[in-house]
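Hi,

Here is the structure I promised to send over. Have a look at it first, and then read on for my notes.

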Amino acid sequence: MLQSLQEDHKNIAKLLKVLEQKLAHIRNEKAVKYKLIAHIISYMQEYADRFHHPKEDLIYDYYVKYRVVEDDLSDQLKQQHQSLLEMTDELSDILDIILLDAVVPLDQFSDKLETFIKAQWDHLNYEEDVVFPALKRHLTEDDWRAIEQSWQHGKYEDPLFGHRVQEQYKALSERIKLSEPLDD
Ligand SMILES: [Fe+2]
């Protein structure tokens, strides 16, 4: 389970790198395909906010319930998930307006995009550096089995990084493949 979450993190990191490039282009007043940004945001809504984060919440809830946890780890993570969700929805709304060719001040949009990217990185790093190591240390195989059994949402195929790329994400998938060698 943890492995699949870490796999998701690697994928989200790839998307954040693409967003960083787009942000730099907007700031340098270069032409940008807003549709691609919209696809990334839509993936975050569809997969990260509805599937990846709830899975993490389930694990943290279990962890907090059955283990002695020193700080308000779970609350903090839930708050982060909630605020990321709100930021994602807000960006999605602005992108809808941009794609309708309505005038949106681009510095306003790029500031919001920058805040979003930073919040996502901070959250990812916090989970990878603090939360996941704690889970690994303290949860046993029995715990993980119990958590898996309590997961109610079944298996959800990742629409972008899964076995079959869904139609609406095909262009984005190609774009990620192109940028991969550059990132290594
Ligand atoms: Fe996560």
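You'll find Leu85 in helix 3. Met44 sits 41 residues away from Leu85 along the chain, yet their C-alpha atoms are separated by 8.5 Å.

Before going further, please keep in mind that this is a predicted model. The mean pLDDT of the protein chain is 90, and 95% of the residues reach at least 70. Helix 1 has the highest mean among the elements, at 95, while helix 6 (residues 170-183) has the lowest, at 79.

Now the helix packing. In general, two packed helices are described by the angle between their axes and by the distance between those axes.

Take helix 1 (residues 2-27) and helix 4 (residues 106-138) to begin with: their axes lie 10 Å apart, at an angle of about 155 degrees. An angle over 145 degrees counts as roughly antiparallel, so that is how helix 1 and helix 4 run relative to each other. Their crossing is left-handed. On the helix 1 side, the contact is made by Leu2, His9, Ile12, Ala13, Leu16, Leu19, Glu20, Leu23, Ile26 and Arg27. On the helix 4 side, the residues include Leu106, Leu113, Ile117, Trp121, Leu124, Phe132 and Leu135, and also Glu114, Glu128 and Lys136. Sorted by class, this contact of helix 1 with helix 4 holds 14 nonpolar, three polar and five charged residues.

The other pair to look at is helix 2 (residues 34-66) with helix 5 (residues 141-150). Their axes come within 10 Å and cross at roughly 130 degrees, which means that helix 2 is oblique to helix 5. The crossing here is right-handed. Leu58, Ile59 and Tyr62 of helix 2 make the contact with Asp143, Ile147 and Ser150 of helix 5. By class, the residues of this contact are four nonpolar, one polar and one charged.

Tyr62 deserves a line of its own. What does Tyr62 touch, not counting residues up to four places away in sequence? With those set aside, Tyr62 touches Asp143 and Ile147. Tyr62 counts as partly exposed because it has 18 C-beta neighbours inside 10 Å. If you are looking at Gln168 as well, it is 106 residues from Tyr62 in sequence and 35 Å from it in space, C-alpha to C-alpha.

Last, a backbone point. Most residues other than glycine have a negative phi. Glu29 is not a glycine, but its phi is positive, at about 55 degrees. Asp101 is not a glycine either, and its phi is positive too, at about 70 degrees. Where are they? Glu29 is in the loop between helix 1 and helix 2, and Asp101 is in the loop between helix 3 (73-99) and helix 4. Glu29 counts as exposed because it has 8 C-beta neighbours inside 10 Å. Asp101 has 7 C-beta neighbours inside 10 Å, so it counts as exposed too.

That's what I have for now.

Cheers

Methods: Residues numbered from 1 in each chain as written. Predicted model: local features only at pLDDT ≥ 70, side-chain atom pairs only at ≥ 80, totals over all residues. Axes fitted to C-alpha atoms, helices over the stretch in contact; angles between N-to-C directions. Helix = DSSP H or I, 4+ residues; strand = E, 2+ residues; numbered from the N terminus. Parallel < 35°, antiparallel > 145°, perpendicular 65-115°, else oblique. Left-handed = near helix turned anticlockwise from the far one by under 90°. Contact = placed C-beta atoms within 7 Å. Nonpolar A, V, L, I, M, F, W, Y, C, P; charged D, E, K, R; others polar. Buried ≥ 20, exposed ≤ 12 C-beta atoms within 10 Å, placed from the backbone. pLDDT = per-residue confidence, 0-100.
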